[in-house]
Amino acid sequence: MSGLFITFEGGDGSGKSTQIALLAARLRELGHEVRTFREPGGVVPGDAGERIREIVLDPIHEGLGVRAELLLYEASRAQLVETHYRPALAEGVIVLCDRYADSSVAYQGYGRAVLPVDEVRELNRIATGGLAPDLTLLLDVDAVSGLEQATAEGADRLEAAGHDFHERVREGYLEMAAAEPDRIKVVPRAPVDEVAAVVWAYVEPLLVRPGRV
Ligand SMILES: Nc1ncnc2c1ncn2[C@@H]1O[C@H](COP(=O)(O)OP(=O)(O)OP(=O)(O)O)[C@@H](O)[C@H]1O
Ligand SMILES: [Mg+2]
């Protein structure tokens, strides 16, 4: 049995958390078993992944080099893949992730614009053992309005990185979507319910009804 691996990508404040919550609720109502995760991170407060999250998002670490930053993200990802995503998928669970490997390509690759994008992809491959999402929903928002949403409650280290950075991230994402149109679906900005309807239209055809083989 193999579950379904769906990732959400997009800029800060693009609505990933909002859409994951709506999708998870809808799937659970239909009887599907769903587990949600967000990267970087872990699953319980104080675990290694959560402590890595604190390091990479804390503005106090502004001197963190781009390679160190990338490897921290990959360490968090490697741990989640091994201990949570793969076991859940093997049980037939639907796994929803708030950011995954594409985030590293978009942010540490295109955004930071220091490391070759292919190096980031290679580290993703090593960290994930090649686990690729069945579907990736790219919530596309122009960088300015997304950032306004995200910084309304105070900027973290990446959100504070500036407008050009976020513009490169967005362009990187769109390039990735153009290169992998079967996996990465671009979902344009719209009211929350409309975005949810578009997301559902992509997810529903992938579902196997619970209880059916
Ligand atoms: N489609 C939408 N239209 C307008 N506002 C939205 C939309 N989706 C989410 N929002 C609002 O924008 C803000 C950011 O949404 P959300 O937290 O879901 O985004 P996110 O991508 O998870 O952000 P972050 O990267 O900071 O975690 C919230 O205040 C949310 O209510
Ligand atoms: Mg969020």
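A polar contact here is a pair of N or O atoms within 3.5 Å; within protein, one must be able to donate a hydrogen and the other to accept it, and residues adjacent in sequence count only if both atoms are side-chain atoms. This is a predicted model: local features need pLDDT of at least 70, side-chain atom pairs count only at pLDDT 80 or more, and totals for chains, interfaces and linings use all residues. Residues are numbered from 1 along each chain as its sequence is written, chains are lettered from A and ligands numbered from 1 in the order in which they are written, and side-chain values use heavy atoms, with hydrogens and water left out.

**Stop 1: the ligand**

Select ligand 1. Around ligand 1 are 14 residues (near means a heavy atom within 4 Å). Gly15, Lys16, Ser17, Thr18 and Ala190 come nearest. Now show the polar contacts. A polar backbone atom of Ser14 is 3.2 Å from a ligand oxygen. In the side chain of Thr18, an N or O atom is 2.4 Å from an oxygen atom of the ligand. At Ala190, a polar backbone atom is 2.7 Å from a nitrogen atom of ligand 1.

**Stop 2: helices 1 and 8**

Stay with Thr18, which is also part of the contact of helix 1 with helix 8. Select residues 16-29 for helix 1 and 192-203 for helix 8. Helices (H or I, at least four residues) and strands (E, at least two) are DSSP runs, numbered from the N terminus. The two axes come within 10 Å and cross at roughly 55°. Axes are lines fitted to C-alpha atoms, for helices over the stretch in contact, and angles run from 0 to 180 degrees between N-to-C directions. Helix 1 is therefore oblique to helix 8. Angles under 35 degrees count as roughly parallel, over 145 as roughly antiparallel, 65 to 115 as roughly perpendicular and the rest as oblique. Show the side chains: Thr18, Gln19, Leu22, Leu23, Arg26 and Leu27 of helix 1 meet Val192, Val195, Ala196, Val199, Trp200 and Val203 of helix 8 (contact means heavy atoms within 4.5 Å).

**Stop 3: Pro40**

Move to the loop between strand 2 (34-38) and helix 2, where Pro40 sits. Which kind of peptide bond joins Glu39 and Pro40? The bond is cis, with omega about -10°. Most peptide bonds are trans.

**Stop 4: helices 2 and 3**

From helix 2, Ile52, Ile55, Val56 and Leu57 meet Glu69, Leu72, Tyr73, Ala75 and Ser76 of helix 3.

**Stop 5: Arg99**

Next, pick Arg99 in the loop between strand 3 (94-98) and helix 4. Its phi is near 80°, a positive value in a residue other than glycine. Most residues other than glycine have a negative phi.

**Stop 6: helices 4 and 5**

Finish with helix 4 (residues 101-111) and helix 5 (residues 117-128). The axes cross at roughly 150° and come within 9 Å. Helix 4 is therefore roughly antiparallel to helix 5. Ala101, Ser104, Val105, Gln108, Gly109 and Tyr110 of helix 4 make the contact with Val117, Val120, Arg121 and Asn124 of helix 5.
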